[in-house]
Amino acid sequence: MRLEKLAAAGSLLAVAACGGATVKQHAVGNRIVPVDSTPAEAAAPAPAPAPSPTILSRPILVGNDRGGRPQVRKGEHDAAPYIDRPGGPRDAGYIIASSEVPGVQVIEARSPYMLDEVLYVKMPTGVTPTPGMHLAIESLGPEFEAYGQVLIPTGEVTVVSPGAPGEATSVRLERQFAEVEPNQLVVPMEAPKYPPVGQRAVAVTDGVKAKVLWVSSNPVEPSLGYFVVLDASERAGVHVGDQFTLLRPRMRDELSGLWLPEQDIATTQVVRVGAHSSTAVVIAQTMPAISAGADARLTAKMP
């Protein structure tokens, strides 16, 4: 009798715990286990996921914290390698030495130089130094027949003390992109024409074709943030902010005889344009095949 009363009390507790829903019970050993007898509702089919755009949807729009599209940044332009005449600009100056005076005799002067170090330079021909003037430091890269030689920006200096006639000019190393060494070239800073704030590249279907001449740092597998030097120049109408897609062209499979469609590899944004080449930074990538000789096509252009 006592066991029956306990079972009844357990039934009431089970109903209360289920919020008043009708439940059935069955005994498991000496325990009363509630079993939900409410008919199950048919589960609604899950909606099919919307197709997401591929990473190389054209044009590529990279968002920032404010939801806008970041423009080509000054630092990207200043650090971008480019092609000039073999040997670099005719009127370039060069780094002579550090202003450091060692306490002991040294066989070879110390280098590379350090950030914020004061250096002595020969100014570019025709450039009069003034305090606060900014100058670019560049090293020589590989040479390409019919195009010229790659110049690789390594840093930026600011004039501290203009030299008197026949005297070196003192400059301070303000920014570094790579190792700064003696005899690297000193040239005036370029002032490019950046796109207006908020202006976006517009997709084009029959853009200029180009080839990758060189990839910065010669990595095994270049990725986002690497620079590529293209053989398309300002004469081809290329502007800062334009986008080139690197691709594998349509090709025939030797075994099947069928044509394989064109395949996107990466998308790049032009950050520097010159008379001999243009330089772009990789902003999106789907294949690890970025290399010198890759085909490129203009797929989005600044208005």
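Visitor: Let's start with S291. Leaving aside neighbours within four places in sequence, which residues is S291 in contact with?

Guide: S291 is in contact with V212 and V215. Keep in mind that this is a predicted model. S291 sits in the loop between β17 and β18 (295–301).

Visitor: What makes S291 buried, exposed or partly exposed?

Guide: The relative accessible area of S291 is 35%. Buried means under 20% and exposed means over 50%, so S291 with its 35% ends up as partly exposed.

Visitor: Why is the pair R172 and D116 called a salt bridge?

Guide: The side chains of R172 and D116 meet at 3.9 Å, N to O. The cut-off is within 4 Å, so this pair qualifies. R172 lies in strand β8 (residues 169–176) and D116 in the loop between β4 and β5 (118–122), so the pair ties together parts 56 residues apart in sequence. R172 has a relative accessible area of 26% and is partly exposed. D116 is partly exposed as well, at 47%.

Visitor: What makes K301 and D242 a salt bridge?

Guide: Again it comes down to distance: the closest N and O atoms of K301 and D242 are 3.1 Å apart, and the requirement is within 4 Å. K301 is in strand β18, while D242 is in the loop between β12 (227–230) and β13 (243–248), so the bridge ties together parts that are 59 residues apart in sequence.

Visitor: How do you know whether K301 is buried or partly exposed, and D242 likewise?

Guide: K301 has 24% relative accessibility, which makes it partly exposed. D242 has a relative accessible area of 0%, so D242 is buried.

Visitor: How do you know that R297 and E262 pair up?

Guide: The closest N and O atoms of R297 and E262 are 3.0 Å apart, against a cut-off of within 4 Å. R297 lies in strand β18 and E262 in the loop between β15 (259–260) and β16, so the pair ties together parts 35 residues apart in sequence. R297, with a relative accessible area of 15%, is buried, while E262 is partly exposed at 36%.

Visitor: How many salt bridges does the structure hold, and which residues are linked in a network of them?

Guide: The structure holds 11 salt bridges. A network of salt bridges links K74, D78, E156 and R175.

Visitor: What makes I96 part of a nonpolar patch on the surface?

Guide: The patch is formed by Y94, I96 and Y120, with about 260 Å² of accessible area together. Membership takes over 30% relative accessible area, and I96 has 42% relative accessibility, so I96 passes that test and counts as partly exposed. The position of I96 is in strand β4 (residues 93–98).

Visitor: Where does P112 lie, and why is P112 called partly exposed?

Guide: P112 lies in the loop between β4 and β5. Its relative accessibility is 30%, so P112 falls between the 20% and 50% limits and counts as partly exposed. Leaving out residues up to four places away in sequence, P112 touches E179, V180 and E181.

Visitor: What volume does the largest pocket have, and which residues lie nearest its centre?

Guide: The largest pocket has a volume of about 410 Å³. Its lining has 32 residues, of which Y82, D84, E138, E190 and R272 lie nearest the centre. Elements that each supply at least two lining residues include α2 (74–79), β6 and β16 (263–273).

Visitor: And how many helices and strands are there in the protein?

Guide: The protein has 2 helices and 18 strands, and buried residues make up 35% of its 303 residues.

Technical notes:
Residues numbered from 1 in each chain as written. Predicted model: local features only at pLDDT ≥ 70, side-chain atom pairs only at ≥ 80, totals over all residues. Heavy atoms only, no water. Patch = residues over 30% accessible without salt bridge, like charges linked within 9 Å, V, L, I, M, F, W, Y side chains within 5 Å. Areas by Shrake-Rupley, 256 points an atom, 1.4 Å probe, with all protein chains shown as cover. Helix = DSSP H or I, 4+ residues; strand = E, 2+ residues; numbered from the N terminus. Buried < 20%, exposed > 50% of the residue type's maximum accessible area, 1.4 Å probe, protein only. 1 Å grid on protein atoms, 1.4 Å probe; cavity = no way out; pocket = protein on both sides within 12 Å on 5 of 7 lines; lining within 4 Å. Points joined across faces, edges and corners; volume = space filled by probe spheres on them. Contact = heavy atoms within 4.5 Å.
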